[in-house]
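Subject: Handing over the structure

Hi,

Here is the structure I promised to pass on. Have a look at it first, and then read my notes.

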Amino acid sequence: MKKYGLIGLPLTHSFSKKYFSEKFRKEGLKGCQYELYEIPNIQAFPALLAKVPDLIGLNVTIPYKQQVIAYLDRLEPACRAIGAVNCIKVSPDELVGFNTDYIGFRTSLENWLGKKRPAALVLGTGGASNAVAQALNDLNIAFLKVSRTSHPDSKSIISYKELATGLLADHPLIINTTPLGTYPNTSERPPIPLEQVGKNHLVYDLVYNPEETSLMKEATGRGAKTKNGMEMLHLQAEAAWEIWNATE
């Protein structure tokens, strides 16, 4: 039996388990199993590995994306730059950390932009924004991060208040990495000045539930093109599958 799974706390629902279980069924992949491994703290991670010796790969979710790094033998370079792990390749010799959010977003954004490389505003400064920032760096897209609070010590992070000066005109690509607008709080959205958004803007919202967020709906109404995070979610899952099953 080839075993895969997800570690985190809590694990009340999981896109990954549903996605991979369906993948095994559709593709006729026999002898594969994806389980949820809710561990009370990261110190329980080695015991889990010992208890489930058939593990080939793990996804990692909050609160362990950073904590798990201390237990890994090495990190893939982009993952090391991001400072967060959401995918682990398990082998008898070593544990290797990857960030497939970064892979999924980069691929999805490239597909959407084509050859365009517009300057971007990245809404949020959490873990997801670091994966997005790494992808933008790799694609040579200039960007600023937007935070709820000002960061006077950083030239690359501005506050939402500073957007009132007309910065959206010079940054046609807007990427929401915050959870604002996620079900059930669907009326929420990042506090950007939407009156500055127009037909030249591209709004990529990493939220995928609902399919059209409040931010996307209002931006579309002003002529902008929009995209949600569902393709990224599928791409990151497939990237994890390829990592787990790649032969050296």
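Below is what turned up, topic by topic.

First, some ground rules: this is a predicted model, so local features need pLDDT of at least 70, side-chain atom pairs count only at pLDDT 80 or more, and totals for chains, interfaces and linings use all residues. Residues are numbered from 1 along each chain as its sequence is written, and side-chain values use heavy atoms, with hydrogens and water left out.

**Aromatic rings**

The structure has 14 aromatic pairs. Here, rings of Phe, Tyr and Trp (its six-membered ring) pair if their centres lie within 6.5 Å; planes under 30 degrees apart are stacked, over 60 edge-to-face, and the rest tilted. One of the pairs is F20 with Y34, which is stacked, at 5.1 Å centre to centre and 15° between the planes. This pair links distant parts of the chain: F20 sits in helix α1 (residues 15-26) and Y34 in strand β2 (residues 32-38), 14 residues apart. (Helices are DSSP runs of H or I with at least four residues, strands are runs of E with at least two, and both are numbered from the N terminus.) Both F20 and Y34 are buried; buried means under 20% relative accessible area, exposed over 50%, and partly exposed in between, using a 1.4 Å probe and protein chains only.

Another pair to look at is W112 with Y204: the ring centres are 5.8 Å apart and the planes are at 85°, so this one is edge-to-face. W112 belongs to helix α4 (residues 100-113) and Y204 to strand β11 (residues 202-205), 92 residues apart. W112 is partly exposed at 23% relative accessible area, while Y204 is buried at 0%.

There is also a cluster in which ring pairs link Y4, F15, Y19, F20, F24, Y34, Y208, W241 and W244.

**Nonpolar cores**

In soluble globular proteins, nonpolar side chains tend to be buried together. I call a set of buried Ala, Val, Leu, Ile, Met, Phe, Trp, Tyr and Cys residues a nonpolar core if they are joined through side-chain atoms within 4.5 Å. The largest one has 21 residues, and F105, L109, L136 and I175 have the most contacts inside it. At least two of its residues come from each of α3 (77-82), α4, β7 (120-123), α5 (127-138), β10 (173-176) and β11. Apart from this core lies another, of 20 residues, including I39, L48, V52 and I88.

What does F105 touch, leaving aside neighbours within four places in sequence? F105 is in contact (heavy atoms within 4.5 Å) with V132, A135, L136, I175, Y204, L206 and M232.

**Salt bridges**

A search of the whole structure gives 8 salt bridges, each being a side-chain nitrogen of Lys or Arg within 4 Å of a carboxyl oxygen of Asp or Glu. K23 pairs with E27, with the closest N and O atoms 2.9 Å apart. K23 counts as buried at 7% relative accessibility, whereas E27 is partly exposed at 48%. These two are also linked with E238 in a network of salt bridges.

K227 bridges to E231, again with the closest N and O atoms 2.9 Å apart. K227 is buried at 17% and E231 partly exposed at 28%.

For R189 and E218, the closest N and O atoms are 3.3 Å apart. R189 lies in the loop between β10 and β11 and E218 in helix α7 (residues 214-221), so the pair ties together parts that are 29 residues apart in sequence.

**Loops and backbone**

T213 lies in the loop between β11 and α7 and is buried, with a relative accessible area of 1%. The side chain of T213 reaches the backbone nitrogen of M216 at 3.1 Å. Not counting residues up to four places away in sequence, T213 touches G181, D205 and V207.

Most residues other than glycine have a negative phi, and most peptide bonds are trans. Which peptide bonds here are cis? One joins Y183 and P184, with omega about 5°, and another runs from N209 to P210, with omega near 10°. P184 is in the loop between β10 and β11; P210 is in the loop between β11 and α7.

Finally, N140 is a residue other than glycine with a positive phi, near 60°. N140 sits in the loop between α5 and β8 (143-147) and is exposed at 67% relative accessible area.

Cheers

Notes: A polar contact is a pair of N or O atoms within 3.5 Å; within protein, one must be able to donate a hydrogen and the other to accept it, and residues adjacent in sequence count only if both atoms are side-chain atoms.
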